[in-house]
Amino acid sequence: MAVIITDTCINCAACIDECPVEAIVDEDDNPTGEEIYYVYPDKCVECVDYFEVPACAEACPTEGCIQWDDPVEGMPASPNRGEKGTPVIED
Ligand code: SF4
Ligand code: SF4
């Protein structure tokens with residue numbers, strides 16, 4: 001994985017076009033049925049080889065809505081990743 005979008009998402013759309021691998025979908029396409037944006041963990045590369053910091057989290061205007069989740073086996077994992085459940089960008 002991956003980063004995860006938590007339920008403090010305000011559906012602002014700032015993240016979706018920033019993702020270099022199109023891992024993010026909006027609330028209409030969220031496979032969990034929740035009315036928030038969603039990151040496909042098997043697509044997210046944690047922006048490794050694209051950006052220093054996950055672009056989605058950098059674009060997100062909320063405080064900590066985008067958090068680290070467990071890495072998916074076989075997917076890139078940022079060397080700077082934090083613990084599961086902690087914000088990707090801390091204030
Ligand atoms: S961390 Fe990077 S690859 Fe993963 S969803 Fe965010 S922008 Fe996309
Ligand atoms: S930028 Fe943040 S608040 Fe806006 S849609 Fe993406 S995750 Fe939700």
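Guide: What follows is a conversation about the terms used for this model and the values behind them.

Guide: This is a predicted model, in which local features need pLDDT of at least 70 and side-chain atom pairs count only at pLDDT 80 or more, while totals for chains, interfaces and linings use all residues. Residues are numbered from 1 along each chain as its sequence is written, and chains are lettered from A and ligands numbered from 1 in the order in which they are written.

Visitor: What makes up the secondary structure of the protein?

Guide: Helices (H or I, at least four residues) and strands (E, at least two) are DSSP runs, numbered from the N terminus. By that rule the protein has one helix and four strands, and along the sequence they follow the pattern β-β-β-α-β.

Visitor: How do you know whether the radius of gyration agrees with that of a compact globule?

Guide: The radius is taken over C-alpha atoms, and the globule rule is 2.2 Å times the number of residues to the power 0.38. For 91 residues a compact globule would have a radius near 12 Å, and because the protein has 12 Å, the two agree. Along the principal axes, the C-alpha atoms fill a box of roughly 30 × 30 × 20 Å.

Visitor: What makes the phi of A13 worth a remark?

Guide: Most residues other than glycine have a negative phi. Phi of A13, however, is near 80°, a positive value in a residue other than glycine, and phi of C47 is likewise positive, near 65°.

Visitor: What makes a set of residues a nonpolar core?

Guide: Such a core is a set of buried Ala, Val, Leu, Ile, Met, Phe, Trp, Tyr and Cys residues joined through C-beta atoms within 7 Å. The largest here has 18 residues, and those with the most contacts inside it are V3, I24, V39, C56 and I66. β1, α1 and β4 (66–68) each supply at least two residues of this core.

Visitor: How do you know which residues surround ligand 1, and what makes them nonpolar or charged?

Guide: A residue is near a molecule if its C-beta atom, placed from the backbone, lies within 6 Å of it. By that rule 15 residues surround ligand 1, the closest being C19, C44, C47, P54 and C56. Ala, Val, Leu, Ile, Met, Phe, Trp, Tyr, Cys and Pro count as nonpolar, Asp, Glu, Lys and Arg as charged, and the others, Gly among them, as polar. The shell around ligand 1 therefore divides into 13 nonpolar, no polar and two charged residues. Around ligand 2 there are 14 residues, with C9, C12, A14, C15 and C60 the closest, and that shell divides into twelve nonpolar, two polar and no charged.

Notes. Buried ≥ 20, exposed ≤ 12 C-beta atoms within 10 Å, placed from the backbone.
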